Amino acid sequence: MGKIYQFDHPLIRHKIGIMRDKHTGSKEFRELLEEISMLMVYEVTRDLRTEDTETETPLGRCQVSVLTQKIGIIPILRAGLGMTDGVMRLIPTAKVGHIGLYRDPHSLDPVEYYCKLPIDAQNRELILLDPMLATGGSASAAISVVKNRQCRNIRLVCLIAAPEGIEKIQTDHPDVNIYIAALDEKLDDHGYIVPGLGDAGDRLFGTK
């Protein structure tokens, strides 16, 4: 069974508190999401492979570590875009793909409409980004899209999760670790996380 990692850093808690406030505007919301994403990925990548090598400083030679594990960052459109820059600031050599899904109005199932992954995605540690893990339907479908392209090393990073979303991912993809900054109470009748922070995509881009 995949593990759940919940980060309890004071800076993360503080910044999420500001994001939850309904009076926080789009500009500040975007900046906070980027900052939290950067703080989270610092821990998400703690176990990446490195290799020892030597370098020359102005005063002599010393042993240093070099990251050898290739990384792929996959935001789930559209809200996942708000997390991408924060991750890229820490891992500028990562390749970026995108997955787009929409909900079928009749079946309510997620439907893939766009997928563009790094050409060597199968050889990379893939970090899927989606701020809100609500029902888990879209995230589960996105993981399936990636797996259908023979990718196996997948981590799901979300800002806020509901218990229902956690359960969905663990049922559908028990091999995928989930990283979250907050676990909220429940979903409402419309599938929104309560108390949550509203629709992350709308708040990011100023839409309704």
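**Exercise 1.** Among contacts in the protein chain between residues at least 6 apart in sequence, what percentage join residues at least 24 apart?

*Solution.* Start with the ground rules: this is a predicted model, where local features need pLDDT of at least 70, side-chain atom pairs count only at pLDDT 80 or more, and totals for chains, interfaces and linings use all residues. Numbering runs from 1 along each chain as its sequence is written, and side-chain values use heavy atoms, with hydrogens and water left out. Now take the contacts (heavy atoms within 4.5 Å). The share joining residues at least 24 apart is 62%.

**Exercise 2.** Work out which residues of helix α5 are buried and where they sit around the axis.

*Solution.* Helices here are DSSP runs of H or I, at least four residues, and strands are runs of E, at least two, numbered from the N terminus. Buried means under 20% relative accessible area and exposed over 50%, with partly exposed in between (1.4 Å probe, protein chains only). In α5 (residues 163-172), G165, I166 and I169 pass the buried test. Looking down the axis, they fall within an arc of 100° (directions from the helix axis to the C-beta atoms), so they line one face of the helix. Finally, check what the buried residues pack against: the list includes α4 (137-147) and β10 (154-161).

**Exercise 3.** Find the partner of T53 in β3.

*Solution.* Strands β2 (residues 50-57) and β3 (residues 60-67) pair (DSSP finds at least two bridges). Their sense is antiparallel, over eight bridges, and two residues lie between them in the hairpin. The bridge partner of T53 is V64.
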